[in-house]
Amino acid sequence: MDTDLVTRAQSGDEEAFADMVYAVADRFLAVSHRILGDLGLAEDATQQALLTVWQDLPQLRDPARFEAWSFRLLVRACFAEGRKSRRWAPNLRLLSVDEPMVVDGTSAVVDRDQLERAFRHLSLNHRTVVVLHHYLDLPLDRVAEIVGAPVGTVGSRLHYATRQLRSALVADARPTPREVAQ
Amino acid sequence: MTDVNSSDRDVTRAIRSWLSEDWHEDGSRLAGAVLDRVESTPQGRVTLWPARRTTMNKILGFGLAAAAVVAVLFGSQLFGAPTREVGTGVTPAPEPPVESRLLPGTDCSELEAGTYHALVGTLTVTVTVPTSVSTGWIGSADESAVWVGDRGPCWFGGGSKLVVSLVSHVYTDACNRQHTVETGTPAAVTAALAAQTGHQTTGPSDTSLGGYPASRFEFSVSDSFDDQTCTGAGLSGGVRLFPGNGVGSGEFNSGDRVTVWVVDVNGSAVAVATIPGDTDLDPVIDSLRIEP
């Protein structure tokens with residue numbers, strides 16, 4: 001983000017802020033959609049985050065840090081929306097993360113729905129780290145800056161999330177007792 | 001898409017592929033809606049506050065304190081009503097302001113702008129979250145510490161924080177939580193922190209905070225230092241100045257530069273720590289009152 005644009009918006013220049021909003025809105029919505037898994041919630045979170053950016057901009061001391069700062073506000077807004085919503089109803093059969101990955105010798109193919117279901121089973125904390133790292137391609141230290149956790153913690157969350165996804169995918173692919181009986 | 005019998009790397013590849021698909025969002029429509037609301041949404045301006053925490057000449061400080069006492073007495077007699085000296089501590093009132101609310105005793109409590117108080121040991125700590133802060137402030141208190149900060153959601157660390165802690169022991173090494181020294185007085189806390197290893201130290205320097213005499217330190221740990229290697233650091237890493245719960249222990253991470261005042265509140269040692277982030281903490285520090 002152009003720091004001059006940020007500085008102008010900090011001083012109340014609405015045109016500069018409009019340019020900023022159009023520059024980041026798509027990205028904000030994409031990130032919040034992936035974290036929350038619900039477009040309606042993501043739109044609410046994005047709107048709230050952008051308004052908060054406008055309100056709190058004068059408090060940003062270093063315009064060069066706008067990106068990390070604004071994503072931090074977005075993540076907060078996502079968590080606020082996530083807390084409001086009770087639409088998280090994961091219905092997965094989880095295996096221990098240490099369970100062997102071979103499923104009765106059957107090669108199960110993961111499709112988009114499986115991934116989405118597995119992803120929803122993760123906590124918001126874990127989803128956030130996965131999205132920031134794997135979608136935005138941010139290195140772990142930048143993710144740590146955004147979520148406000150030590151780099152080691154972010155690495156642990158990413159590792160845990162990956163293992164949980166793997167386990168959830170295996171569990172989801174395993175036939176249910178009813179399917180076996182049939 | 002991928003075979004789940006495969007490795008974490010394959011799962012990662014599947015996740016990256018899935019995340020990069022077109023999820024059919026339209027941010028431009030949202031942008032218009034946001035900009036429609038901007039006109040009616042004022043920006044939160046940062047109030048400029050006088051620097052009150054600089055080292056003060058003792059004679060000048062005494063003179064100002066005496067002048068304030070005279071002014072209070074004169075005002076009381078003239079207007080017939082008691083007055084409150086916010087932040088000076090010259091004549092600390094025994095109770096928090098009427099409009100203050102009890103700071104929640106559990107983590108994850110979101111705070112609106114306003115004044116909050118909590119009992120820490122036998123001290124009443126009062127602090128104001130300024131109106132220039134619009135969202136995301138959280139805070140909590142337990143029997144030995146009070147903290148407020150701008151970082152939400154609550155389970156994330158980092159962010160701007162102000163922490164007020166009672167101190168009775170200090171670690172000899174901030175990166176090794178096995179050995180402490182007992183510190184019965186504010187002077188002993190100051191001496192123990194000055195001798196503490198495990199970080200870079202600037203100070204102490206004599207100053208005042210909230211009307212009480214204080215010693216001011218700055219502590220930092222370089223970015224390159226892995227604070228997860230500290231003894232007892234756990235997953236969140238961090239060095240700690242003294243025993244306590246979480247941030248109440250003066251905990252900070254590599255790359256942080258924290259300011260700590262050891263405040264002598266009528267003989268009790270109180271540590272006030274600020275960990276900087278994006279939010280200017282000066283108004284919060286200036287609002288701080290500690291009352292016996």
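Student: In which strand of chain B is Pro204(B) found?
Tutor: The model described here is a predicted one. In it, Pro204(B) belongs to the strand that covers residues 200-209 of chain B, which is strand 11.

Student: Is the peptide bond from Gly203(B) to Pro204(B) cis or trans?
Tutor: Most peptide bonds are trans. For the bond from Gly203(B) to Pro204(B), omega is near 10°. That bond is cis.

Student: How many helices and strands does chain B have?
Tutor: Chain B has 292 residues, and 48% of them are buried. Among its contacts with a separation of 6 or more, 54% join residues 24 or more positions apart. Its secondary structure comes to five helices and 15 strands.

Student: Which residues of helix 4 of chain B are buried?
Tutor: Helix 4 of chain B covers residues 186-195, and to be buried a residue needs under 20% relative accessible area. The residues in this helix that are buried are Pro186(B), Val189(B), Thr190(B), Ala192(B) and Leu193(B).

Student: Which strands of chain B do the buried residues of helix 4 pack against?
Tutor: The face turned away from the buried side of helix 4 of chain B carries the exposed residues Ala187(B) and Ala195(B). The buried residues themselves pack against strand 9, strand 10, strand 11, strand 12, strand 13 and strand 14 of chain B.

Student: Is Ala187(B) buried or exposed?
Tutor: Ala187(B) sits in helix 4 of chain B, with its C-alpha 10.0 Å from that of Ser268(B), a residue 81 places away in sequence. The relative accessible area of Ala187(B) is 55%. The cut-off for exposure is over 50%, so Ala187(B) is exposed.

Student: What is the phi of Asn266(B) near?
Tutor: Most residues other than glycine have a negative phi. Asn266(B) is in the loop between strand 13 and strand 14 of chain B, and it is exposed, with a relative accessible area of 60%. Its phi is positive, near 50°.

Student: Where is Asp137(A) placed in chain A?
Tutor: Asp137(A) is another residue other than glycine with a positive phi, near 65°. Its place is the loop between helix 6 and helix 7 of chain A.

Student: Which residue with a positive phi follows helix 7 of chain A?
Tutor: In helix 7 of chain A, residues 140-147, the buried residues are Val143(A), Ala144(A), Ile146(A) and Val147(A). Seen down the helix axis they fall within an arc of 165°, so they line one face. The residue after the helix has a phi near 75° and is Gly148(A).

Student: Is the crossing of helix 2 of chain A and helix 6 of chain A left-handed or right-handed?
Tutor: Helix 2 (residues 14-36) and helix 6 (residues 124-135) of chain A pack with axes 9 Å apart, at an angle of about 140°. That makes helix 2 of chain A oblique to helix 6 of chain A. Residues that meet there include Ala30(A) and Val31(A) from helix 2, and Val131(A) and Leu132(A) from helix 6. The crossing of helix 2 of chain A and helix 6 of chain A is right-handed.

Student: How many nonpolar, polar and charged residues are in the contact of helix 3 of chain A with helix 2 of chain B?
Tutor: Helix 3 of chain A, residues 39-56, packs against helix 2 of chain B, residues 27-38, at about 40° with axes 10 Å apart. That makes helix 3 of chain A oblique to helix 2 of chain B. Residues in the contact include Glu43(A), Leu50(A) and Trp54(A) of helix 3 of chain A, and Arg29(B) and Val34(B) of helix 2 of chain B. By class, the contact has seven nonpolar, two polar and three charged residues.

Notes:
Residues are numbered from 1 along each chain as its sequence is written. Chains are lettered from A and ligands numbered from 1 in the order in which they are written. This is a predicted model: local features need pLDDT of at least 70, side-chain atom pairs count only at pLDDT 80 or more; totals for chains, interfaces and linings use all residues. Side-chain values use heavy atoms; hydrogens and water are left out. Axes are lines fitted to C-alpha atoms, for helices over the stretch in contact, and angles run from 0 to 180 degrees between N-to-C directions. Helices (H or I, at least four residues) and strands (E, at least two) are DSSP runs, numbered from the N terminus. Angles under 35 degrees count as roughly parallel, over 145 as roughly antiparallel, 65 to 115 as roughly perpendicular and the rest as oblique. A crossing is left-handed if the near helix is turned anticlockwise from the far one by less than a right angle, and right-handed if clockwise. Contact means heavy atoms within 4.5 Å. Buried means under 20% relative accessible area, exposed over 50%, partly exposed in between (1.4 Å probe, protein chains only). The arc is that of the directions from the helix axis to the C-beta atoms. Ala, Val, Leu, Ile, Met, Phe, Trp, Tyr, Cys and Pro count as nonpolar, Asp, Glu, Lys and Arg as charged, and the others, Gly among them, as polar.
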